[in-house]
Amino acid sequence: RMGGIPVIGLPGNPVSTLVCGQVFLLPVILAMQGFAPRPALRLSAPLKSALPKNSLRAHYMRAKLVGGEIEVFDRQDSSLLSVLSEANILAIRPPSDPPRAAGETLDYLPLDTKSEHQ
């Protein structure tokens, strides 16, 4: 807070800004509008392909929900708007998440209102 006003800083890369907006900013805005405080909506679905282990921090990966399965995009650079434009979800990898096999369930955040998770 600065002078009693809530302040949220966002990163400079566009994809990182969108992720932080979904995870942190949207719940704050909803709470400020009088809605009950709640975390961002998390759903789950099986992975279409295997994923390697995750690093020591949480990773919100651009992905697409297709046919009820999560397809994680290979390219995850936080400056790639082209990948973001194709994504309709963010696949959530917890810190130090072990390798995941195809078919394992993974949590995700929906990014739009038109995709099949609705």
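In this predicted model, in which local features need pLDDT of at least 70, side-chain atom pairs count only at pLDDT 80 or more, and totals for chains, interfaces and linings use all residues, D97 is buried, with a relative accessibility of 6%, where buried denotes under 20% relative accessible area, exposed over 50%, and partly exposed the range in between (1.4 Å probe, protein chains only). Residues are numbered from 1 along each chain as its sequence is written, and side-chain values use heavy atoms, with hydrogens and water left out.

The side chain of D97 forms a salt bridge with that of R93 at 2.7 Å, N to O, and another with that of R100 at 3.0 Å, a salt bridge being a side-chain nitrogen of Lys or Arg within 4 Å of a carboxyl oxygen of Asp or Glu. R93, D97 and R100 are thus linked in a network; R93 is buried at 2% relative accessibility, and R100 is likewise buried.

Four salt bridges are found in the whole structure, one of them between D107 and R42 at 3.7 Å, N to O. Because D107 belongs to strand β5 and R42 to the loop between α1 and β1, this pair ties together parts 65 residues apart in sequence. Both partners are partly exposed, D107 at 33% and R42 at 45%.

Five strands form an open antiparallel sheet in the order β1-β5-β4-β2-β3, where strands (E, at least two residues) and helices (H or I, at least four) are DSSP runs numbered from the N terminus, and two strands pair if DSSP finds at least two bridges between them. The edge strands, β1 (43-46) and β3 (69-72), each pair on one side only.
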